[in-house]
Amino acid sequence: MTQTKTTGLKQATMNILNGIGMGVIASLVPAAILGQLMKALLGVAPAFAQTVINITTFTQSLLAAMAGFCAAYLFQLNMVQMSSVAAAAMIGSGAVTFKNGLMTVAGTGDVINIGLTITVAIFLVKLIGKRLGSYTALLLPIIIVVGGGGIGLLLLPYVKTVTTLIGTIVMAFTKLQPLLMGILIGMSFAAMIVSPLSAAGIAIAIGLTGVASGAANLGIAGAGYTLGIMSSSVNGMGTTLAHFIGTPKIQMANMLEKPKLFVPVLCASGLSGLLAAIVNLQGTPSSAGFGFSGLIGPLAAYAKMTPGWGSIILLTVLYVVYPVALGFFMRWLFIDRLHFVSAEDLRLDV
């Protein structure tokens, strides 16, 4: 009986994590791929480009709803239940704020609190079951949205406190010797990008800039390329590319289920952060949490470099050639040579 309960709890946890992962793909990847391209087209086709930017920006703010709907689907809930869980997740995410009678939707919300709110909402659905009888369609949405979403709102300030604490620890790394700082910052942001934490949110909150921002960016890029290349034999080309063109967070469920996967990722990100410190790669607080995604990291770095082909070639080496080579090395070392992990550990069912 105990083993059955443990198995059920593990499956439930994976359903929620996988739901968040699929929500990340649906909500964040469009902006990651199209964002910088549309900004470049603003001078050519301003109306079209701005419309696409508006659409993809709004889509990012729907992360909580998409994650809630995907998680509820994995629990095989019905349409009313799925919709209610999605609404509760949106309310508890923090992406929606109310002030002076106005509702504002901005940002993705706190991913940790999204997961907690989804957990509460699905627990309430399972608890209620069919007890409401013919009144289910009337009462269940009220209970789940108000109850689950309300509990999520109550939890949000406490979860943000934890996030702030982590940001304070990361900020302490910036006071260290540059090379050591680069390694630790690269590893820290790589760990965050494949966890429920918001790497971009923490970078902005602590004002991460300069070489520290560059190390964070290259650390995330190293993690994305490594995960994509290590999983390329079991995932399609599109999914493989999504690891670094989109976000490595799509592997969050696999990473948390099999913590040993953090070893090759942290090795790659530490080496990447070290390189960033050696070449004095720069960045800004708003670019630090993105890596290669949407070319945000490379473009922010280029803005602080001497314009010209020399800088472009250097950034190509740093953000493409080096992390690709590093990814293949990590695959050879940890999969082919040591058999420490396997490609199957990183399979994604999209």
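1. The surroundings of G219 come first. Leaving aside residues up to four places away in sequence, G219 touches G186, A190, S269 and S272, where contact means heavy atoms within 4.5 Å. G219 lies in helix α9 (residues 210-230); helices here are DSSP runs of H or I with at least four residues, strands are runs of E with at least two, and both are numbered from the N terminus. With a relative accessible area of 0%, G219 is buried, given that buried means under 20% relative accessible area, exposed over 50%, and partly exposed in between, for a 1.4 Å probe and protein chains only. The C-alpha atoms of G219 and A268 are separated by 7.4 Å, although the two residues are 49 apart along the chain.

2. On the basis of the values, this is a predicted model, in which local features need pLDDT of at least 70 and side-chain atom pairs count only at pLDDT 80 or more, while totals for chains, interfaces and linings use all residues. Residues are numbered from 1 along each chain as its sequence is written, and side-chain values use heavy atoms, with hydrogens and water left out.

3. A276, found in helix α12 (residues 262-278), counts as buried because its relative accessibility is 0%. Residues up to four places away in sequence again not being counted, A276 touches V211, G214, A215, L218 and L281. Between the C-alpha atoms of A276 and K304, which are 28 residues apart along the chain, the separation is 14 Å.

4. Helix α7 (residues 178-193) has 16 residues, and its first and last C-alpha atoms are 22 Å apart, close to the 22 Å expected at 1.5 Å a residue; the expected span is 1.5 Å times one less than the number of residues. M181, G182, I185, G186, S188, F189, A190, M192 and I193 are the buried residues of α7, and what covers them includes α6, α8 (199-206), α9 and α12.

5. For helix α4 (residues 79-93), the 15 residues should span 21 Å at 1.5 Å a residue, and the end C-alpha atoms are 21 Å apart, which agrees. Its buried residues are Q81, M82, S84, V85, A86, A88, A89, M90, G92 and S93, and they pack against α2 (46-61), α3, β1, β2, α5 (111-128) and α6 (136-173).

6. Helix α3 (residues 63-74), with twelve residues, reaches 16 Å from its first C-alpha to its last, close to the 16 Å expected at 1.5 Å a residue. L63, A64, A65, A67, G68, A71 and A72 are buried in α3. After the helix comes Q76, whose phi is positive, near 60 degrees.

7. Two further backbone angles deserve a check. N100, although not a glycine, has a positive phi of about 55 degrees; N100 is found in the loop between β1 (96-99) and β2 (102-105) and counts as exposed because its relative accessibility is 73%. H339, also a residue other than glycine, has a positive phi near 55 degrees; H339 lies in the segment after α14 (309-337) and, at 60% relative accessibility, counts as exposed.

8. The domain assignment gives domain 1 (1-156) and domain 2 (176-349), with bounds that come from an automatic or database assignment. The contact between them takes 15 residues from domain 1 and 17 residues from domain 2. Taken over C-alpha atoms, the centres of the two domains are separated by 26 Å.

9. The cavity search finds one cavity of 30 Å³ or more, and the largest cavity holds about 40 Å³ of space. A cavity is a set of points on a 1 Å grid over the protein atoms alone where a 1.4 Å probe fits but cannot get out, and lining residues have an atom within 4 Å of a point; grid points are joined across faces, edges and corners, and the volume is the space filled by probe spheres set on the points.

10. The lining of the largest cavity consists of L17, N18, G21, M22, I250, Q251, A253, N254 and L348. Helices α1 (2-40) and α11 (252-257) each supply at least two of its residues, and the largest share, four residues, comes from α1. The lining divides into five nonpolar, four polar and no charged residues, where Ala, Val, Leu, Ile, Met, Phe, Trp, Tyr, Cys and Pro count as nonpolar, Asp, Glu, Lys and Arg as charged, and the others, Gly among them, as polar. Because domain 1 and domain 2 both give residues to this lining, the largest cavity lies between them.

Methods
On a 1 Å grid over the protein atoms alone, a cavity is a set of points where a 1.4 Å probe fits but cannot get out, and a pocket is an open set with protein on both sides within 12 Å along at least five of seven lines; lining residues have an atom within 4 Å of a point.
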